[in-house]
Amino acid sequence: MIYGDYLSTAEMQRWILDLDIAWDDIDPSIALRQPDLLDRVRDSALIESFFPIFTCRAMDLLWDDAAATAVFSIQLYESYKHFHVFNQYLHRVGYRPIDDAEIVDIRRRNQDLRYDDGTALLTRYMMSEHFAAFHFLKDAKQAQEPVLRHILTLVGRDELRHAQFACDLLAERIQQNADERARVHEAARTFRHIGLHVVADVPVAERNEFAAIVSMSHKIRRLTGSDLRMIETEMNHAQPA
C-alpha cells in the first residue's frame, strides 16, 4: 500500500527535465553573481550523485521489506535526476561542472560502506531528506537567477515527499513492533547527514535552521509519541561521517 501511494504521488508531482525547465532562459551573468549559492548547488549535485551507492546498500539491508525497497527504487531515479539537473545547470552557466572521474572517486572512497540497522537507516534518510528540502527551498528564495530558483523549488518538493514516505515506512515498522521507537530516537539523537559520505560540510542555506529543526522534532514526536531534544539533532547533523 505504501508503494502504491508513493508511486501515485510521484507520478502526479513528476516534472520533466526538458519540458518544465526553461534551459534557454538561463542568464549566466545573474547566476555567477552568487558563487556561494553555486558552490552549494555543486555540493548538492555531488551528494545526489552518490545515491546509486547509498540505494544499493539500503536495498541490501532492507531486502525483506518489500515496501521500503519498492519506494527506494523510485527515489533512486529521482535522486539521480536531481544530480543531472544541477550539473546541467552548472554546465550552462560555466561554473565548475562535475565530471565522471569526480563521481567515481567519491564512490571509490565509500566502497566499504555498509549499514546494519534498517530502522536507523530509514531515520537517517528521512532526516537527511527533510533538511535537504528546507535547504533547497530556502536557497530558492535567495536565488536571483529565475531558472535556478525554479529548479531548486522542484527539487525541494521532491525531497519533502521523500522524507514523508520514509516517515510512513518508519510508522509501519513501529506499528509492527513498538520497540522500534527507541531505535528511531537513538538514530535521531546521533544523526549525521547522508551527504557527509560525500562532502566535508553538507550545504545549508542557513546554519541552525530553526523551522527545519522544529518541524523534524514534531515529526519524531508523531512517530514515537515522545519528544526529542532538537539541539542534539542539529549539532550532530554537521559532524563528519
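1. Where is the place of leucine 7? Leucine 7 sits in helix H1, which covers residues 2-13; helices (H or I, at least four residues) and strands (E, at least two) are DSSP runs, numbered from the N terminus. With a relative accessibility of 27%, leucine 7 counts as partly exposed, a class that lies between buried (under 20% relative accessible area) and exposed (over 50%), computed with a 1.4 Å probe on protein chains only. Leucine 7 and glutamine 75 are separated by 68 residues in sequence, yet their C-alpha atoms are 9.9 Å apart in space.

2. Basis of the note. The model is predicted, so local features need pLDDT of at least 70 and side-chain atom pairs count only at pLDDT 80 or more, while totals for chains, interfaces and linings use all residues. Residues are numbered from 1 along each chain as its sequence is written, and side-chain values use heavy atoms, with hydrogens and water left out.

3. Overall fold. The protein chain has eleven helices and zero strands, and its pattern along the sequence reads α-α-α-α-α-α-α-α-α-α-α. Its radius of gyration is 17 Å, close to the 18 Å given by the globule rule for 241 residues, so the chain is as compact as a globular protein of that length. That radius is taken over C-alpha atoms, and the rule is 2.2 Å times the number of residues to the power 0.38. Along the principal axes, the C-alpha atoms fill a box of roughly 55 × 35 × 35 Å.

4. Burial and contact range. Of the 241 residues of the protein chain, 54% count as buried. Where contacts join residues at least 6 apart in sequence, 84% of them link residues at least 24 apart; contact means heavy atoms within 4.5 Å.

5. H1 against H5. The axes of H1 and H5 are 8 Å apart, at an angle of about 20 degrees; axes are lines fitted to C-alpha atoms, for helices over the stretch in contact, and angles run from 0 to 180 degrees between N-to-C directions. H1 and H5 are therefore roughly parallel to each other, given that angles under 35 degrees count as roughly parallel, over 145 as roughly antiparallel, 65 to 115 as roughly perpendicular and the rest as oblique. On the H1 side, Ile2, Tyr3, Tyr6, Leu7 and Ala10 meet Ala67, Ala70, Val71, Ile74, Gln75 and Glu78 of H5. By class, this contact of H1 with H5 comprises nine nonpolar residues, one polar and one charged; Ala, Val, Leu, Ile, Met, Phe, Trp, Tyr, Cys and Pro count as nonpolar, Asp, Glu, Lys and Arg as charged, and the others, Gly among them, as polar.

6. H5 against H8. Helix H5 (residues 66-93) packs with helix H8 (residues 146-176) at an angle of about 165 degrees, their axes being 11 Å apart. The two helices, H5 and H8, are therefore roughly antiparallel. Residues of H5 in this contact include Ala67, Val71, Gln75, Glu78, His82 and Phe86, and among those they meet in H8 are Leu148, Ile151, Val155, Arg161 and Phe165. The contact of H5 with H8 has 13 nonpolar, four polar and five charged residues.

7. H8 against H9. The axes of H8 and H9 come within 8 Å and cross at roughly 140 degrees, and these helices are therefore oblique to each other. Leu170, Arg173 and Ile174 of H8 make the contact with Glu180, Arg181 and Val184 of H9. Three of the residues in the contact of H8 with H9 are nonpolar, none polar and three charged. Helix H9 (residues 180-189) also holds glutamate 186, which counts as partly exposed at 45% relative accessibility.

8. Helix H4. Within H4 (residues 51-61), the residues Phe51, Ile53, Phe54, Thr55, Arg57 and Ala58 are buried. The buried residues of H4 pack against H5, helix H3 (35-49), helix H6 (100-109) and helix H7 (118-142).

9. A backbone point to check. Arginine 96 lies in the loop between H5 and H6. Its phi is near 45 degrees, a positive value in a residue other than glycine. Most residues other than glycine have a negative phi. At 44% relative accessibility, arginine 96 counts as partly exposed.
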